[in-house]
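Subject: Structure for you to look at

Hello,

Here is the structure I promised. My notes follow below it.

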Amino acid sequence: KYLFSINSALGDQAYVWNENEMFLFRATLAFAMRTYSDGQEYDVANVVVCDETPRVSFWFVVTSPLDASLLVDKRRVEEAVRKSRSRINSAFLLTDDTLEFIGIPPTLEAPVAPDTPPWLIAFGVVMGGVGAGIVVLLVSSVKRDGEEETGGKTENEAASDAIYNMSFSDDEPVTQM
Amino acid sequence: MGKEARQNWDNPVQFVLACVSYAVGLGNVWRFPYLCQMHGGGGFLIPYLIMLVLEGIPLFYMELAIGQKMSLGSIGAWTAINPYLGGIGVASVVTSMYLCLYYNIINAWSFWYLFHSFQSVLPWAECPLNSNRTGPIEECETGTSTEYFFYRETLNISSSIEENGGIHMGQALCLLLAWVITYLFIARGVKSTGKVVYFTAIFPYVVLFIYLIRGFTLHGAFNGVAYMFTPKLEQLANPTTWINAATQIFFSLGLGFGTLIAFASYNQYNNNFERQAIIVSFINCGTSIFASVVTFSIYGFKATVNYENCLERTRLLLLNTFNLAEDSVSMDNVFEWIEKLNTTYPQQFAEIAHKLEGCDLESELDTAVEGTGLAFIVYSEAIMNMPVSQLWSVLYFLMLLLLGMGSMLGNIMAIITPLRDFKLLSHISDELLNGLVCVFCLLLGLGFTTTSGNYWFTMFNDYGANFSLLFVVLAEVITVSYIYGIKRFEKDIEDMLGHRPNWYWKIMWAGVSPLLLITLFIVYIVNYIQGGTPTYQAWNKELVSWGSFPLLTDYPVFGQLFIALLLVSSVSCVPLTALYVYCRERKRRPAHTGSPE
């Protein structure tokens with residue numbers, strides 16, 4: 001069974017479903033059977049459609065070109081359809097979502113897997129930048145320590161003394177306890 | 001004695017920005033909107049602002065005063081106030097240590113999401129395919145793709161806290177990066193931190209503003225904002241609302257960790273911290289509200305998108321079952337059609353009735369989420385639906401990173417500043433000491449990158465800081481008000497600022513805040529006891545496939561013991577230190593029996 005959702009796919013550019021579209025469908029299906037099935041010469045007449053609804057959904061069966069009363073096995077039809085799915089979809093400007101075939105799950109495209117996951121690249125860039133920053137920092141601090149050893153430090157000691165004394169003065173009432 | 005003078009902030013602006021950067025953190029973005037939603041929307045602002053005035057600002061002021069007066073980290077400052085109560089400082093350091101261990105994991109996740117945003121299709125927008133490529137993986141299909149990305153690909157979470165696997169390499173790398181950047185920001189102490197806070201404090205506001213504009217122009221955003229701001233004033237009668245407001249103010253301002261004391265200790269003696277305390281508190285409060293508006297406009301967008309997708313699926317279901325022409329049913333008249341078809345074809349309708357999801361905008365908006373669930377799952381879901389989603393994703397996770405890093409700086413300073421003050425460590429250079437602390441936290445933090453790591457993270461998040469902080473701040477305010485004495489504290493402030501604090505501050509410190517804190521403390525204990533066995537939400541792979549998540553599981557015995565350890569270890573520092581000092585004094589006293597009294 002096939003389900004067409006033309007409007008949702010194409011919106012303004014939707015085409016009207018009519019006899020000619022149905023003919024195209026039967027032709028593409030015949031093409032699929034010819035190419036992917038046993039190679040016999042399937043024709044438009046071999047694809048029989050029934051039970052069409054305004055939803056644009058219908059049932060179809062495929063008859064063998066050699067004997068019109070013999071129906072082709074469902075599995076072979078399914079296989080042919082699955083293999084030529086993208087051709088059938090593009091003939092109608094639709095996708096797997098909008099052109100459903102009940103019973104055949106679509107074979108979705110495998111996602112492209114790049115060799116290096118992209119996040120690792122971004123990570124490497126940031127890590128490299130940060131690492132460089134740290135190296136610069138450490139080198140400059142080593143240089144600064146080298147310079148400071150030669151410079152005077154008496155001022156600094158006096159300043160830290162002053163701060164320390166104030167806290168001691170507040171301790172007196174407590175220590176008397 | 002230090003070999004160099006105590007470092008100072010280059011100017012008071014750096015100090016204010018540092019406090020803002022620390023206080024404005026992830027809680028403003030992911031906890032406050034949740035509370036707003038749970039407790040009556042716009043009405044929640046009333047208890048929130050009242051609590052800010054009653055406990056938030058006074059306690060903030062008090063911590064800044066102590067730090068600036070003593071010019072020492074939390075341990076040194078509390079020892080100077082009263083030698084027996086130096087344990088308060090130790091408890092602060094222990095709690096900060098726990099926080100540092102697990103908080104950087106959030107930054108690691110932000111990095112992970114940030115790096116994964118540089119792809120043409122955001123990886124959490126689609127479910128990965130199963131092995132025969134016929135459809136998405138089952139685990140992903142029953143949840144959502146964003147949940148799957150968070151729990152499976154980001155965390156690779158195990159089914160319970162007992163099962164453990166190896167370390168998730170990606171997580172470990174991101175954690176390493178987070179710690180390396182933290183080290184870079186604090187390597188030279190206040191000199192480096194002072195410059196970094198310009199960026200970490202200001203940039204999140206830029207992003208929030210951009211998101212505000214983006215949020216308001218999103219389809220359906222107004223539904224969310226209207227929903228949030230419609231005040232449901234009857235919630236004010238619920239005591240939980242007030243308790244949650246008090247707790248939120250308390251944790252949002254970052255009281256009790258020792259960070260504020262550490263930051264203030266690098267101030268000039270006469271810095272006017274009174275004005276700065278008020279400014280920072282209000283900025284913090286304002287940011288929470290600002291962030292909530294943004295969050296709710298995004299909520300509204302997400303809820304509307306989900307609602308419309310639900311309608312679309314229902315419409316398709318109706319079309320397919322009843323073979324109607326495509327343009328007969330549109331999204332607007334789906335519900336009318338449902339009723340029509342129910343009456344005309346009752347049997348057929350009954351067959352598909354179980355597949356019909358009830359599409360309801362209210363219930364979509366009602367899904368209140370907080371914490372990591374909001375930030376990483378809900379927001380990423382909203383972002384993937386926006387046009388140019390990579391840009392928004394990068395901006396958003398960059399903002400989360402800066403908020404998290406800003407708070408992280410404060411937490412690390414809370415540990416390093418007291419350590420610096422110890423004479424034993426004063427001859428180690430700044431860079432080396434900071435590096436050692438970072439490496440130590442990194443190694444312990446790797447435990448959170450294992451497959452059960454998120455469960456441990458939740459445990460630390462729920463129990464590591466809350467109770468200890470309440471206890472520490474209660475002890476602080478009682479010590480300052482009654483043991484040290486309000487009069488002496490007043491004189492100290494007069495010494496620094498030039499004027500005494502007015503009656504409002506004194507009433508808060510001596511009366512209102514301690515009472516509030518005692519109430520919160522008791523409520524917390526009662527809830528803990530009444531709550532029975534502590535539970536956590538487990539992502540069990542098999543059960544998720546059957547559509548039941550989250551699964552509330554009890555913590556196993558070792559988990560409960562660890563929780564107890566977390567709670568007790570920091571609180572017990574206070575009595576243990578008092579005991580230690582007492583014993584040390586007693587040992588000294590026999591040698592002084594001959595001294596004149």
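B:Arg6 and B:Asp421 form a side-chain salt bridge, 3.2 Å from N to O. Note that the model is predicted. B:Arg6 sits in the segment before helix 1 (12–23) of chain B and B:Asp421 in helix 19 (residues 389–421), so the bridge ties together parts 415 residues apart in sequence. B:Asp421 is partly exposed, at 21% relative accessible area.

A second bridge joins the side chains of B:Asp492 and B:Lys69 (3.6 Å, N to O). B:Asp492 belongs to helix 22 (residues 466–497) of chain B and B:Lys69 to helix 4 (residues 45–70) of chain B, so this pair links parts 423 residues apart in sequence. Both B:Asp492 and B:Lys69 are buried.

B:Arg588 pairs with B:Glu585, with the closest N and O atoms 2.9 Å apart. They are three residues apart in helix 26 (residues 573–588) of chain B, so about one helical turn separates them. B:Arg588 is partly exposed at 49%. B:Glu585 is also partly exposed, at 22%. Elsewhere, shared partners join B:Glu490, B:Glu494, B:Arg500 and B:Lys506 into one salt-bridge network. Over all chains, the structure has 13 salt bridges.

Next, a helix pair. The axes of helix 6 (residues 87–115) and helix 9 (residues 169–186) of chain B come within 8 Å and cross at roughly 110°. That makes the two helices roughly perpendicular. Their crossing is right-handed. By class, the contact has 13 nonpolar, five polar and no charged residues.

Last, B:Thr450. This residue lies in the loop between helix 20 (430–445) and helix 21 (453–464) of chain B. B:Thr450 is buried, at 14% relative accessible area. Its contacts beyond four places in sequence include B:Leu155 and B:Asn164.

Best wishes

Technical notes
Residues are numbered from 1 along each chain as its sequence is written. Chains are lettered from A and ligands numbered from 1 in the order in which they are written. This is a predicted model: local features need pLDDT of at least 70, side-chain atom pairs count only at pLDDT 80 or more; totals for chains, interfaces and linings use all residues. Side-chain values use heavy atoms; hydrogens and water are left out. Axes are lines fitted to C-alpha atoms, for helices over the stretch in contact, and angles run from 0 to 180 degrees between N-to-C directions. Helices (H or I, at least four residues) and strands (E, at least two) are DSSP runs, numbered from the N terminus. Angles under 35 degrees count as roughly parallel, over 145 as roughly antiparallel, 65 to 115 as roughly perpendicular and the rest as oblique. A crossing is left-handed if the near helix is turned anticlockwise from the far one by less than a right angle, and right-handed if clockwise. Ala, Val, Leu, Ile, Met, Phe, Trp, Tyr, Cys and Pro count as nonpolar, Asp, Glu, Lys and Arg as charged, and the others, Gly among them, as polar. Buried means under 20% relative accessible area, exposed over 50%, partly exposed in between (1.4 Å probe, protein chains only). Contact means heavy atoms within 4.5 Å. A salt bridge is a side-chain nitrogen of Lys or Arg within 4 Å of a carboxyl oxygen of Asp or Glu.
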